[in-house]
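Hi everyone, thanks for making the time. I'd like to walk you through one structure today, strand by strand and helix by helix.

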Amino acid sequence: MIRTTCVLGAVLTLCVIGPPAGGQSASSEVALADDVGSLVRQLDANSSAERRAAERALYELATETGGDAQAVLDALPMVNDRMPAAVRSGIGRVRRRIEKTLAERAAQATRVTLIVKDTPLTEVLKQIGEQTGNQLSDSRSQFGNADASQKVSIELQDEPFWPAIDRLLDAANLGVYAYGGDYELSLVAREPGVRPRFGGAAYAGPYRIEPLRVVSTRGLRTTGEASLDVEVEVAWEPRLQPIAVSQPMSDLTAKVDGGATLSVLRPEQSIDVEVTPGTQGVEMTLSFVLPERSTERITTINGRLETVIPGRQTDFRFEAIGA
């Protein structure tokens, strides 16, 4: 399990770490295992220059263009006491460096390049999935309004995932159903009156944060019962599978028109949301002290959001237990 924090900005921003899944053919796995094994043996070379070169080559094998960092990690042998000290140390350094690179990559948005004209929507979704590792499905048939013949025209040049998806959905008049399950983004028909998605949210790495509604409350019996609640939706690329999302209220700052500060209502609290498996977003309510009646708009909300996602899955085998 990996935990990370990242600064929020604009409306809200967020990042999270965790490697996407990948795969290789059997022949390429064998070739990679041979390459890794050869370099691991070089970690026990007599000269320090050769040992450093082996570490560097292992890292480059995982991270250069076309490399599969996860596959190299899987091919690295588990450290044991029978290994020479130089090999154990070298494997440890390489593994930590590759894992850090995987985490940094996962915290970045995948990107989409797509130029299509009158192309079936299903084909467009397939191409985006191949480019980003994010699975998208046309789920309109589940709601009785499928249109298998729909075609779209759009041009995207190295666009981050969420801005690209928002532009595509605006062009196709579609929306997102965040609770479709199966770790894929379910697309549905857009409800009447829903505003365009593009430009209505903040984007941060693989995350999309959209303000949904603002609710002001003033108690009639208790004079101190007054708050301004900002409800936001936090959505993520389908390749990620967060376990929980937390917002420490003490890390939030906000401004209203004129530059005045909007005070947090209960700074000692933290909003902790457990993510239901298969969902692609959660809603959170950020509560502030109700500002003066003359206030017309919130200009910025900044803060720090925490997310927890699982790291890579590993099989453990215990043999001869009790022997």
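Let's start with strand β10, which is joined to strand β14 (residues 298-309) by 3 bridges, the two running antiparallel. Across that pairing, Val-245 stands opposite Thr-307 in β14. On strand β12 (residues 270-274), β10 has another antiparallel partner, this time through 5 bridges. There, Ala-244 faces Glu-274 in β12. When I say that strands pair, I mean that DSSP finds at least two bridges between them.

Before I go on, two housekeeping points. This is a predicted model, in which local features need pLDDT of at least 70 and side-chain atom pairs count only at pLDDT 80 or more, while totals for chains, interfaces and linings use all residues. Residues are numbered from 1 along each chain as its sequence is written, and side-chain values use heavy atoms, with hydrogens and water left out.

Back to β10: how many of its 5 residues are buried? In this strand, residues 244-248, the count is 4, and the strand is mostly covered. Buried here means under 20% relative accessible area, exposed means over 50%, and partly exposed is in between, with a 1.4 Å probe and protein chains only.

Now the wider view. The protein chain has 6 helices and 14 strands. Of its 323 residues, 42% are buried. Among contacts between residues at least 6 apart in sequence, 69% join residues at least 24 apart; a contact is heavy atoms within 4.5 Å.

An open sheet of 4 strands runs in the order β7-β8-β9-β13 with antiparallel pairing. At its edges stand β7 (202-204) and β13 (281-289), each with a single partner strand, so one side of each is left without a neighbour in the sheet. Neighbouring strands here are turned by 30° against each other on average, direction ignored. β7 and β8 run antiparallel and are joined by 3 bridges, and Tyr-203 has Arg-208 in β8 as its bridge partner.

Arg-208 is in strand β8 (residues 207-218). Is Arg-208 buried or exposed? Its relative accessibility is 1%, so Arg-208 counts as buried. A polar atom of the Arg-208 side chain lies 3.4 Å from the backbone oxygen of Arg-197. Leaving out residues up to four places away in sequence, Arg-208 touches several others, including Trp-162, Asp-166, Glu-233 and Val-234.

The other sheet is also open, with 3 strands in the order β3-β6-β5 and mixed pairing. Its edge strands are β3 (136-138) and β5 (174-177), each pairing on one side only. The twist averages 35° from one strand to the next. β3 and strand β6 (residues 185-189) run parallel, joined by 3 bridges, with Leu-136 opposite Leu-185 in β6. Helix α5 (residues 121-132) packs on this sheet, touching β3, β5 and β6, and its direction makes about 170° with that of β3.

That brings us to helix pairs. Two packed helices are described by the angle between their axes and the distance between the axes. The axes are lines fitted to C-alpha atoms, for helices over the stretch in contact, and angles run from 0 to 180 degrees between N-to-C directions. Helix α5 and helix α6 (residues 161-172) have axes that come within 13 Å and cross at roughly 180°. They are therefore roughly antiparallel to each other; for these labels, under 35 degrees is roughly parallel, over 145 roughly antiparallel, 65 to 115 roughly perpendicular and the rest oblique. In this pair, Val-124, Leu-125, Ile-128 and Thr-132 in α5 meet Phe-161, Ile-165 and Leu-168 in α6.

Helix α2 (residues 48-63) and helix α4 (residues 85-106) pack at about 30°, with axes 10 Å apart. These two are therefore roughly parallel to each other.

One last stop, the backbone. Most residues other than glycine have a negative phi. Asp-158, however, has a positive phi near 50°. Asp-158 lies in strand β4 (residues 151-160), and its relative accessibility is 43%, so Asp-158 counts as partly exposed. Asp-118, in strand β2 (residues 111-120), also has a positive phi near 50°.

Technical notes: Polar contact = N/O pair within 3.5 Å; in protein donor to acceptor, adjacent residues only side chain to side chain.
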